[in-house]
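Have the sequence and the coordinates open side by side. The report below moves from chain to chain and then to the contacts.

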Amino acid sequence: MNYFLTEEQQFIKEIAATVAREKILPVRAELDEAQEFPWEIVKVLADSNLFGVYIGEEYGGTGGGVLDLCIAVEELSRVCGGISLCLAATALGTFPLLLFGSEEQKKKYLPAIAAGKRLVAFALTESGAGSDAGAIQATARKDGDSYVLNGTKQWITNGGEAEIYTVVAMTDKSRGSRGASAFIVEKGTPGFDFGKKENKLGIRASATRELVFQDCRIPAGNLLGREGQGFIVAMKTFDASRPGVAAQAVGIAQGALDEAASYARQREQFGKPIISFQGVQFMLADMAIKIEAARSLVYAVARAIDGGEKRISKESAMAKVFASDTAMQVTVDAVQILGGYGYMKEYPVEKMMRDAKITQIYEGTNQIQRTIIASQMVKELAGKKD
Amino acid sequence: MARLEVVEEKCVGCGACLKACPYDALSIESSIVQVNDRCTLCGACVDSCPYDALVLRKDGAVPSAPPGYRGVMVVAEQKRGTVQNVSFELLGAGRRLAEDAGGALTAVLIGHDVAPQARRLIAFGADRVLVAQSKALEGFNDEAYARILARIIREQKPEIVIAGATCIGRALIPRVAVELGTGLTADCTGLQIQEETRHLAQTRPAFGGNIMATILCARHRPQMATVRPKVMKASAPDEGRAGEIVEIPCAEEELSTRARVLKSVEETAGTVNIADADVIVSGGRGMRGAEQFALLSELAKALGAAVGASRSAVDAGWVPYAYQVGQTGKTVQPKLYIACGISGAIQHLVGMQSADTIVAINKDPDAPIFKVATFGIVGDLFEIVPRLTREIQRRRKAGR
Amino acid sequence: MKIIVCIKQVPDTTSVRMDPETLTLIREGVPSIINPFDAYAIEEGLRLKEKHGGTVTVITMGPPQAASALREAIALGVDEGVHLCDAAFKGSDTLATSYVLAQGIRKLGAFDLILCGKQASDGDTAQVGPGIAVQLDLPQAICVRKIVEVQDGRLTVERSMEEGYDLVETPLPALLTVTKEINEPRLPSLKGKMRAKKAALRTMSAAEMDADPARIGLDGSPTWVEKVFPPPQRGAGRMLQGEPEEQVGQLLDEIEKLKLG
């Protein structure tokens, strides 16, 4: 379907598709198997200027927005949902800076991020605080013109590989949901360490690590926004980044559908290609319907955000839920269509199924997303005078 | 000027020609074919029309050749003073052409201290050998060889000149053709004198070997063609054959050259060069790793073959790029190509589908490679390949 | 260094084939691409520019849509694109093509190096590069797999030979054709594509180039394609059945019949 992308967005799509086909496709199985971080691909993406598609020209980006990011992530995820995360998760970690950073902080960090020279990670989750983000225990104590961080963050995507981290920690436990703040912490700061790389079911080419802060001292100038705004920063960040996760899911689903359809044309049983059987046709049609619907929703939300819409939490959550549920259903069906071959590691769909699962879990589980949607609906209904 | 004409009365707008055009130059408007700017006058659409509605109009009839040219000339190639086999193959083809077209078969040999080699050229069919010698011509250099050969051709006026499509040939012959302002067809797989017109019909593959084209050079002489090694057949040598050897003196100015060869380096002595190999054993993604390629090396050794690879294996770092067969690698035309664990993606096929015999070993019965294979084995290559190697060795010991 | 790269836009070969029944070419949704070998020439030109400074100009002879190939090259970092475009060029064989490109290059002023891909993937002749060298009276090195050194107006390269390579030294200006071993071409960047979109291309017609009408197009082409036909069909293959031992035995019997010597 024609989404009337601008010429620049068309270029982004073409470039991402070329990188995916020429550079990612030959190595995706190997990096998944070895759980290796795709530094070679990072370099290619950087040279292609894809790291800056959502960052302003004044900071070295190409001045696009969330939709541009979604297009790039979707195209890359079509070939590997794990490798695409080096970009998607960097964007997640960069949004706090874009939305709440001071001019000085933006000038200092964004150019290298836009150039793909430094990767970024966002750190909120802890062992006791997943869906219940308010339960975070990590602290940031003001001390003169520094903050001292203590605590542990869990399951941080790009953890250990990124050089820049946007971290949410409690500055004043007594103020509850207004007691957290967001900070920029650089890798190499004394007192900032990493745990082991997690061994995961899927997105294995993406690095997931624990972050450990032990009396880690950072300049007070690394505070993002104002003290107490930590959870606002997180919520606004997620509003902007959810389309990116959704785009990753759409990409994974599309890649799986392409494989399944192509296979169904070649595989002959009972004297015919299996795509001539209605049972298979109906499966493929349903997969295609869901993907197109998911893509439309993602693009609409992305366009709304880029158009300046601030009240987008509900729709942004919808896009994430629908796209990730779609990715899971489509990849499972793709494995089914490939039958025995779908179960074998030599064929790419089992990996796509393993990669799809996380999209239903991270950046807010789909259960939390539904809570967000419902509570928005309640607010809207409460506001109506009938 | 020529143009592609649509005979509107005959055109029904069926669109068969649209699919035949490699350049996307045709479209249908109001049920009539329109030709746009992309047309390169290649003529592929003309044959595709079931209604003869497309005509490639050239001005005038097929012209006849300028007079005064007669005979066939073979440009022999020597390296380090030894005539290369391709020259004998060319003499075999040249003899056939000379008999058909009329005139003598002449060989030209350029080098230093190569006169003794001239006898071999006569044994393989040359009526005359022209030898141009000088220390300065010992090793190939583009400018001097081209200048001298062009001069010899202008003096001798052969109707046809053929040479090897080798590394030297590719550097030398195009220069000569342009100096003479005549036509050249490279990598010919077929050379035939046309019955009615008496022109040389030069047949060669195009579009990566997906189609064959027959080329004519009617208005100019000589008609020049290069042929790859191992395409033509040498005649059986006749040591007693009589022939003339003529020394061609070269003037000092003819020997000058700006580019110089500082040294010639031989590489990987011992392993067969894949482009020349008669037999190639090739591995793809199914090989799984670099160590496993040793299995193929052993099979290759047993067969006297070269080892090749698909792009997957090269990209994965299991073998160097020099082994790569395919669209972005080498195009090969061996007598036997054995593809192990190669799926047969089109990008690989375009590099090897002209092989005489193709054997495919793959555990996926639906692998596209089986569509082009002469013989296919669906099985585990890690079982089949070692067995193959052992059986070859066993049969050789048993004297088969 | 002033570097000129000659490129050609070709159909993507892998999607062109012949239908053996109807004897016609079938082209499936083919995008036009920069001739694969030329991409390596462009990359080498860009690397030389990065190392020694200077400019890289891309030149092509082709119909109007060949302009997109020039823009693709600009998206990679090439400084200028020159389009030799005239209906009179249609039907040019390699002699006419090398004449046209040489004439066009003459209009660009002094240069140090001309780079060409070894051959074009539609014609596959490998003749135009050396042809241009003769037209412009330049020394050449054909099938270069590595540029070893550029110094004081002299170039040293490794020229591929069957058994290895020759180390060749030449004064500049010179012409090289390159093989795929020479480098790994870069991919276009987003900023490059945006720059390419706005880039002004220099277009030249036959008259603007002072091209002799007798030497261009079909009139200037000693050779032409008389006909096209599909390659000899492979007969349907035979799947060897049985246990691995039997399959191996059958295969070797067949191989022995080939009398490979």
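What follows is a short tour of a predicted model.

**Chain B**

Start with the overall build. Chain B holds 11 helices and 22 strands. Along the principal axes, its C-alpha atoms fill a box of roughly 70 × 65 × 40 Å. The chain has 400 residues, and 51% of them count as buried. Take the contacts in chain B between residues at least 6 apart in sequence: 64% of these join residues at least 24 apart.

Chain B is divided into three parts: domain 1 (3–57), domain 2 (72–255) and domain 3 (279–397). The centres of domain 1 and domain 2 of chain B, taken over C-alpha atoms, are separated by 39 Å.

**Nonpolar cores**

Nonpolar side chains tend to be buried together in soluble globular proteins. Which residues touch the most other members of the largest nonpolar core? They are V74(B) and L121(B), in a core of 157 residues. Helix α6 of chain B (residues 167–180) gives the most to this core, with 9 residues. Domain 1 (3–57) and domain 2 (72–255) of chain B each provide at least three residues of this core.

Now look around V74(B). Setting aside neighbours within four places in sequence, V74(B) is in contact with S87(B), L90(B), L91(B), G94(B), L105(B), A107(B), A126(B) and I162(B). There is also a second, separate core, of 127 residues; among its members are A133(A), V167(A), L223(A) and A247(A).

Chain A is divided into domain 1 (7–119), domain 2 (121–228) and domain 3 (231–380). The C-alpha centres of domain 1 and domain 3 of chain A lie 20 Å apart. Their contact takes 23 residues from domain 1 of chain A and 23 residues from domain 3 of chain A. On the domain 1 side, α4 (66–79) and α5 (85–100) of chain A each supply at least two residues. The largest share of that side, 11 residues, comes from α4(A).

Helix α7 of chain A runs over residues 230–266. How far apart are its end C-alpha atoms? They are 53 Å apart. At 1.5 Å a residue, the 37 residues should span 54 Å, so the two values agree. Still, α7(A) bends by about 40° at A240(A), and a proline, P243(A), follows within four residues. Of the 37 residues of α7(A), 30 are buried, so the rest of the structure largely encloses this helix.

**Where chain A meets chain C**

This contact takes 15 residues from chain A and 9 residues from chain C. On the chain A side, α1 (7–24) and α3 (39–47) each supply at least two residues. The most comes from α1(A), with 8 residues.

**A loop residue in chain C**

Finish at D210(C). This residue lies in the loop between β13 (202–204) and β14 (224–229) of chain C. Is D210(C) buried or exposed? It counts as exposed, because it has 10 C-beta neighbours inside 10 Å, and the cut-off for exposed is 12 or fewer. D210(C) and Q127(C) are 83 residues apart along the chain, and their C-alpha atoms are separated by 23 Å.

Key. Residues are numbered from 1 along each chain as its sequence is written. Chains are lettered from A and ligands numbered from 1 in the order in which they are written. This is a predicted model: local features need pLDDT of at least 70, side-chain atom pairs count only at pLDDT 80 or more; totals for chains, interfaces and linings use all residues. The expected span of a helix is 1.5 Å times one less than its number of residues. The bend at a residue is the angle between axes fitted to the seven residues ending there and the seven starting there. A residue is buried if 20 or more other C-beta atoms lie within 10 Å of its own, exposed if 12 or fewer, and partly exposed in between; C-beta atoms are placed from the backbone. Two residues are in contact if their C-beta atoms, placed from the backbone, lie within 7 Å. A nonpolar core is a set of buried Ala, Val, Leu, Ile, Met, Phe, Trp, Tyr and Cys residues joined through C-beta atoms within 7 Å. Domain bounds come from an automatic or database domain assignment.
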